[in-house]
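Biologist: I'm new to this one. Could you walk me through how to read it, step by step?

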Amino acid sequence: MAKLTIPAEEWMFSGHAACPGCGPALAMRLLLKGLGPRTIVSVPACCWTVIGTPFPTTALRVGVLDNAIEATGASISGLRAAADALGLADVTVVGFAGDGGTADIGLQALSGMLERRTDAIYAMYDNEAYMNTGVQRSGATPWGAWTTTTPVGPAARGKPEPKKDVMGIVLAHRPVYAATLSPSFPEDFDRKVELAKGLRGPRFLHIFAPCPPGWRFDSAETIALGRLATETGVFPLYEVLDGRLRITRKVSTLRPVSDYLAKQGRFQHLTPEEIARIEAQVRTDWERLLAREREDGPAPA
Amino acid sequence: MARKVLSGNSAQAYAARLARVQVVSAYPITPQTSIVEKIADFVASGELPAQYVKVESEHSALQVCLSASALGARTYTATSSQGLLLMHELLHWASGMRAPIVMGVVNRAVAPPWNIGADHTDTISQRDTGWLQFYAESNQEVLDTVLEAFRLAEDPAVRLPVMVAEDAFYLSHTVEPVDVPDPAQVDRFLPPREPHAVLVPGETARLGSFTGPDRYVDFRRQLARAVREVPRTLAEVEADYARVVGRDLGGPLPTYRADDADAVLLTMGTATTTARGVVDDLRAAGRKVGLAQLRLFRPFPDDTIRQLGVSVDRLGVVDRAYTFGPSGPVATEVGAALYGVSRRPLLTSFLAGIGGRDVTPHEVRRMFDTLLSDEPPSTHWEDLEEEAAVRG
């Protein structure tokens with residue numbers, strides 16, 4: 001049996017306002033386990049604005065700062081600057097933003113934060129649409145997915161554009177560390193968070209965060225669906241440290257992507273041809289990832 | 001105290017340095033740039049040991065200040081025109097979060113068409129964001145007001161962000177002798193910020209949060225109380241500044257030869273200096289005219305305006321901005337303050353100096369003539385190109 005490596009202490013109260021089976025709630029819980037109490041979290045408008053519970057209550061046992069939806073990158077730069085100015089060097093500064101607040105409206109501030117080498121962690125929890133406002137498509141919504149603004153009808157087949165490659169954009173800034181994480185693989189998740197915590201400079205975490213009401217699946221299946229996302233190659237787990245990419249969850253044979261799609265109402269309209277198209281893209285991306293890993297080679301001893 | 005020859009922009013930078021700001025963040029825009037360049041020099045030379053975060057937009061500049069302020073740091077930024085407009089959303093955040101940020105604003109016209117000349121439309125159109133707004137007449141006043149702004153912003157009764165505005169080029173790029181207080185004097189006047197309701201590492205707290213209708217109104221009401229405290233707190237702060245530094249800035253509405261005047265012109269910013277000269281000339285010629293300089297536009301000093309209103313028959317308001325209201329924006333506010341006062345002056349709104357046009361002594365004399373004419377108009381655009389063409 002594997003040794004339990006995840007810290008037992010909880011920094012998130014059980015009394016929060018998330019939906020049953022909420023991926024973003026699990027993401028925050030695991031993130032704070034790895035970061036510990038001397039953490040300040042900046043949260044833009046997103047599901048977590050509400051999950052964190054209304055004034056005068058709070059769901060987190062750390063300092064939380066609300067910020068405007070597009071401003072998370074700048075907010076953590078400001079927190080870091082103040083922490084340094086005030087002699088609070090040991091504080092871990094974290095931005096915790098949704099995919100819309102990161103990939104769309106917050107992309108400029110994220111780019112700025114990465115470029116100016118802010119010593120902070122930016123975590124994007126990716127539930128692949130604007131969920132807090134009721135499931136509208138974002139740049140991170142995958143191709144073909146139903147949302148309320150990419151409905152399915154005689155003239156429409158869900159989202160007609162592919163998912164934005166946020167990791168690719170982030171890696172172009174050469175951050176100190178960037179990784180993909182999934183609450184379905186908590187040991188891998190925690191290891192990456194603790195590794196990131198120990199580094200200095202800009203760090204980026206892309207967290208897979210299934211949304212039962214938005215993706216239309218059974219809220220008891222969140223963890224299973226997350227495992228399927230990685231096992232089918234839809235959401236591979238990897239990290240890039242010092243520019244070197246390493247896949248942290250090797251999948252010898254990818255499962256058919258239909259195993260993942262079939263569980264979710266947002267993909268129910270897809271034809272076998274459309275599923276085959278997604279399958280082909282997932283496999284191409286996976287092969288590219290393997291090639292990049294081979295090319296980068298192992299880290300120097 | 002050292003006398004230096006400084007531009008308005010340098011005066012802003014010297015004041016930020018004297019205030020020992022801990023976090024500065026800014027994005028360059030003409031004609032603000034020499035403020036942020038000067039601060040960069042101060043940081044590079046070690047004279048200002050601050051964190052200086054150079055950001056990718058004004059929006060981010062203000063967010064950096066907001067978040068740094070939320071941890072307890074004293075923060076400063078500066079901008080102008082389009083940059084201030086881009087900050088609009090976060091201006092509301094700053095007042096709502098009770099963040100005592102001080103911001104220098106170089107008043108510049110708003111596009112289109114592009115124009116970098118002096119114009120108050122940028123700051124006036126942020127009047128409803130909860131920021132205190134001061135407008136300076138001279139570079140000395142810029143420096144003094146920025147120092148007072150920190151005290152006011154951090155005062156427990158107020159805890160609101162403050163803008164200190166200066167006219168583009170007339171102040172920003174014009175040098176004047178400025179008395180720069182000694183750091184020890186400023187330290188006596190402005191001790192380090194005493195953080196209140198800030199995030200403390202290791203402690204459970206949330207700043208910002210969300211509320212329903214049950215609580216939201218109480219936050220707004222608290223803001224209203226803080227705003228109402230400004231006149232009293234400003235008087236205390238200015239008395240203290242006069243005691244420690246030796247200069248009295250004269251409150252929200254200093255007047256000049258207005259006591260027995262038949263007509264008073266109210267100005268904001270550098271038009272004041274020109275108008276003061278004209279008042280002297282006209283007084284020498286036996287005409288009873290006076291001047292009032294509106295330093296504080298937000299919160300609007302209604303009581304002080306009413307005191308002025310009851311003592312004068314004709315009041316002209318010079319607005320260096322057009323904001324789509326029934327008259328110039330300051331004139332509209334003055335009119336509202338005087339509504340309901342039984343004895344109130346005839347009010348004329350002059351729109352002058354828009355987009356960097358000079359407000360000349362000739363023009364100010366004409367305004368007094370208009371004010372003292374049989375039937376002064378309610379609104380008058382000064383010196384329009386089309387009228388100049390008709391005049392030949």
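**Reading the model together**

Modeller: Let's start where the chains meet: strand S2 (residues 63–67) of chain A and S9(B) run parallel, joined by three bridges. Bear in mind that this is a predicted model.

Biologist: How many residues does each chain put into the contact?

Modeller: Chain B gives 40 residues and chain A gives 37. On the chain B side, the elements supplying two or more residues are strand S2 (23–26), strand S3 (51–54), helix H3 (58–70), helix H5 (88–96) and strand S9 (205–207).

Biologist: Which of them gives the most?

Modeller: H3(B) does, with nine residues. Sorted by class, the side of chain B that touches chain A has 19 nonpolar, 15 polar and six charged residues.

Biologist: And inside chain B, how is the chain divided?

Modeller: Into domain 1 (2–244) and domain 2 (255–391). Taken over C-alpha atoms, the centres of the two domains of chain B are 28 Å apart. Their contact takes 25 residues from domain 1 of chain B and 22 residues from domain 2 of chain B.

Biologist: Which elements of domain 1 supply at least two residues each to the side touching domain 2 of chain B?

Modeller: Look for helix H6 (121–124), strand S6 (132–135) and helix H10 (230–244) of chain B. S6(B) has the largest share of that side, four residues. By class, that side of domain 1 of chain B counts 14 nonpolar, seven polar and four charged residues.

Biologist: What about the nonpolar core? Which residues touch the most other members of the largest one?

Modeller: The largest nonpolar core has 213 residues, and B:Val23, B:Val162 and B:Val264 touch the most other members. Domain 1 and domain 2 of chain B each contribute at least three residues to this core.

Biologist: Take B:Val23, then: what is B:Val23 in contact with, leaving aside neighbours within four places in sequence?

Modeller: Residues from both chains turn up on the list. From chain A there are A:Gly78, A:Ala81, A:Ala82 and A:Ala85. From chain B, the contacts include B:Ala50, B:Val53, B:Val64 and B:Ala68.

Biologist: Last thing: how should I read the confidence scores?

Modeller: The general idea is that where pLDDT is low, the predicted coordinates should not be read in detail. Here, chain B has a mean pLDDT of 96, with 98% of its residues at 70 or more. The model as a whole scores ipTM 0.97 and pTM 0.97.

Definitions and conventions: Residues are numbered from 1 along each chain as its sequence is written. Chains are lettered from A and ligands numbered from 1 in the order in which they are written. This is a predicted model: local features need pLDDT of at least 70, side-chain atom pairs count only at pLDDT 80 or more; totals for chains, interfaces and linings use all residues. Domain bounds come from an automatic or database domain assignment. Two residues are in contact if their C-beta atoms, placed from the backbone, lie within 7 Å. Ala, Val, Leu, Ile, Met, Phe, Trp, Tyr, Cys and Pro count as nonpolar, Asp, Glu, Lys and Arg as charged, and the others, Gly among them, as polar. Two strands pair if DSSP finds at least two bridges between them. pLDDT is the predictor's confidence in each residue, from 0 to 100. A nonpolar core is a set of buried Ala, Val, Leu, Ile, Met, Phe, Trp, Tyr and Cys residues joined through C-beta atoms within 7 Å. A residue is buried if 20 or more other C-beta atoms lie within 10 Å of its own, exposed if 12 or fewer, and partly exposed in between; C-beta atoms are placed from the backbone.
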